2 protein chains.
Amino acid sequence: MEKPYVVGIDIGGTNTVFGVVDARGTVLYSSSIKTGKYADIEDYVAALGQGLMQVIEQAGGPEKIKGIGVGAPNGNYFNGCIEFAPNLPWKGKIPLAQLISEQVGGIPVALTNDANAAAIGEMTYGAARGMKDFIVITLGTGVGSGIVVNGNLVYGHDGFAGELGHVIVRRNGRQCGCGRQGCLEAYTSATGVARTAREYLEIRKDESLLRELDPSDITSKDVYDAAMKNDKLVLEIFETTGAMLGEAFANFVAFSSPEAIILFGGLTKAGDLIMEPIKHAMEANMLKVFEGKTKILFSQLKESDAAVLGASALGWEVKTQDPSL
Amino acid sequence: MEKPYVVGIDIGGTNTVFGVVDARGTVLYSSSIKTGKYADIEDYVAALGQGLMQVIEQAGGPEKIKGIGVGAPNGNYFNGCIEFAPNLPWKGKIPLAQLISEQVGGIPVALTNDANAAAIGEMTYGAARGMKDFIVITLGTGVGSGIVVNGNLVYGHDGFAGELGHVIVRRNGRQCGCGRQGCLEAYTSATGVARTAREYLEIRKDESLLRELDPSDITSKDVYDAAMKNDKLVLEIFETTGAMLGEAFANFVAFSSPEAIILFGGLTKAGDLIMEPIKHAMEANMLKVFEGKTKILFSQLKESDAAVLGASALGWEVKTQDPSL
């Protein structure tokens, strides 16, 4: 009998969320542990293994699970390792796919980065069903991307392709967390948007609800809340942020000519406030041959489940990964 | 018996060059016609058909030819048509692959743009043999690109992917022939380099061999010749041009993480003068995870044959193209 379920694991800097998922993209059983609590990778893997076995038993046991997919920052699909992950407690190259597989009686585990997992999730269960060429852009604490070309995720020669949050969009621009200047992420991530707000408050004289807050405490949530109250200054912040994304997207289209660019993550809650300036700036900067061809869509994965769903989609096509690569 | 030869056709604005090629990449018989002489597509195709049949007969007749590959500006691989080709005499959408096939007794014809043809040529006969992930950048009158991901050319959802000469590298920058501003092509094509020279001569006071020429007559060949004589101002022009390419390449790497970026076309004659600033700027702008991993190589296709060879490589894997797409 075909095994009916997969498991998705989403590893974030704060929480690790995991769940059993069926073929229609329903999360049947889920749980989580605190990533940050485990300074030692062995303790982390043991706790994760225990949690995984609980949800797997709820689903009927390991013989029901076809594979496990993991989305993790800087996860490398080729070797199943995480490397250079600045927001995770463990340093060096960690063969995480293998370590997890050992905890669950050898169920095969595939690992990739969280944005690639989101792209596979959209293709399997979401907005990209039936598409062969699309890009998912994740707009969260950072900005990530998963690029699909001709039905396959683009991994590049080393497994790390698709770092579109780190294309440089402004020469000598803002300092980015990656150590360079002017990356798309420095402007259009949640932290980038909050930073833009602080800059606006300093440079401009306009009234704004944000002036009631201590500037250093302003978060992207505050910016969003003010936008929902039609705060004029804040609406401009969304305009600017959307325009930078749209300009960047026009360049991405020149690269892989995707049918759609799909937006995923916190910033998408702003809806048309961010969508309209993106579309406008993208078309205004588009090479003629691509004009009017590329859709901008929001993710169709249910937000609370999206990361687990995305990761789980990898579980359907898991192959053994070689940590020696 | 396996058919031993293919035919490559390179369609440029001035000349159309074609030849019969064997499996080792040797051009056995070749000829050309003047593209610009034929304002009517039917006259052009008839003349091309006549020329093709001559070289095909020299090679032993149509039964020796496995397929014909065509590289043409704005050629669309999906439907075998050329569209929006500003430097060709014929307007509208022209089903060129089908028209050529009809002229040569139905030998299958595949068509793509010239930069994609160069990429397939490098993969089949040149610097990219054995590589699965690489980008070819053509530095000629314009700047084009052919992107290979996991062994396959990236065509995108509409067949027009890979327009890396038209990523915008300077907001509100130089006017580009495409109608937009600040494209990579506007700075790093042959005409872009000549334009940089004219700007330098105007803005700067330094001595230069180029000052002996009428500024409006300066070509990239003049700039190259002056560089070969160690003209200091001109060496700076190569530095600047190389740096812009290197900055752009760092962004391309963030997209598809290629094993190599291969340079093709006139500007590569400058050798280390252009290679060194490219490498330096690319590494200086590279995201940490990609540092030191991507090779910059010159094309290994013999220059006089390169365009025909590149196009011919398509002939080995030709499929029927549907002009109705």
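This is a predicted model: local features need pLDDT of at least 70, side-chain atom pairs count only at pLDDT 80 or more; totals for chains, interfaces and linings use all residues.
Is B:Y44 buried or exposed? I started my notes with that one, and B:Y44 turns out to be buried, at a relative accessible area of 0%.

**Entry 1: around B:Y44**

I looked for ring partners next. B:Y44 pairs with B:W90, and I call the pair tilted because the ring centres are 4.4 Å apart and the planes sit at 45 degrees.

I then counted aromatic pairs over all chains in the whole structure and got 15. Another of them joins B:Y38 and B:Y44: the centres are 6.1 Å apart and the planes are at 65 degrees, so I noted this pair as edge-to-face. B:Y38 has 15% relative accessibility, so B:Y38 goes down as buried too, the cut-off being under 20%.

**Entry 2: where the chains meet**

How many residues does each chain bring to the contact? I get 36 from chain A and 36 from chain B. Together the chains bury about 3,400 Å², and 63% of that is on carbon and sulfur atoms. I checked who supplies the area on chain A: A:H157, A:R171 and A:F255 give 23% of what chain A buries against chain B, more than any other three residues.

I also ran the polar contacts across this interface, and 22 residue pairs came up. On the side of chain A that touches chain B, the elements giving two or more residues are β9 (143-149) and α7 (232-256) of chain A. α7(A) gives the most, with 6 residues. Sorted by class, that side of chain A has 19 nonpolar, 8 polar and 9 charged residues.

A:F255 turned up again when I traced ring pairs, which link A:F249, A:F252, A:F255, B:F249, B:F252 and B:F255 into a cluster. So I have a cluster with rings from both chains in my notes.

**Entry 3: salt bridges**

Between chain A and chain B I count 4 salt bridges. One that I looked up joins the side chains of A:K293 and B:D158, at 2.8 Å from N to O.

Over all chains, the search of the whole structure gives 20 salt bridges. I picked a few within single chains. A:D206 and A:R204 meet at 2.9 Å, N to O. A:D206 is partly exposed, with a relative accessible area of 27%, and A:R204 is partly exposed as well, at 24%.

Which residue does A:D305 form a salt bridge with? The partner is A:K302, and the closest N and O atoms are 3.6 Å apart. A:D305 is buried at 18%, whereas A:K302 is exposed at 55%.

I looked up B:K302 and B:D305 in chain B, where a salt bridge has its closest N and O atoms 3.6 Å apart. B:K302 counts as exposed, at 57% relative accessibility, and B:D305 is buried, at 19%.

Notes
Residues are numbered from 1 along each chain as its sequence is written. Chains are lettered from A and ligands numbered from 1 in the order in which they are written. Side-chain values use heavy atoms; hydrogens and water are left out. Contact means heavy atoms within 4.5 Å. Buried area is the accessible area (1.4 Å probe) that two parts lose on being put together, summed over both. A polar contact is a pair of N or O atoms within 3.5 Å; within protein, one must be able to donate a hydrogen and the other to accept it, and residues adjacent in sequence count only if both atoms are side-chain atoms. Helices (H or I, at least four residues) and strands (E, at least two) are DSSP runs, numbered from the N terminus. Ala, Val, Leu, Ile, Met, Phe, Trp, Tyr, Cys and Pro count as nonpolar, Asp, Glu, Lys and Arg as charged, and the others, Gly among them, as polar. Rings of Phe, Tyr and Trp (its six-membered ring) pair if their centres lie within 6.5 Å; planes under 30 degrees apart count as stacked, over 60 as edge-to-face and the rest as tilted. Buried means under 20% relative accessible area, exposed over 50%, partly exposed in between (1.4 Å probe, protein chains only).
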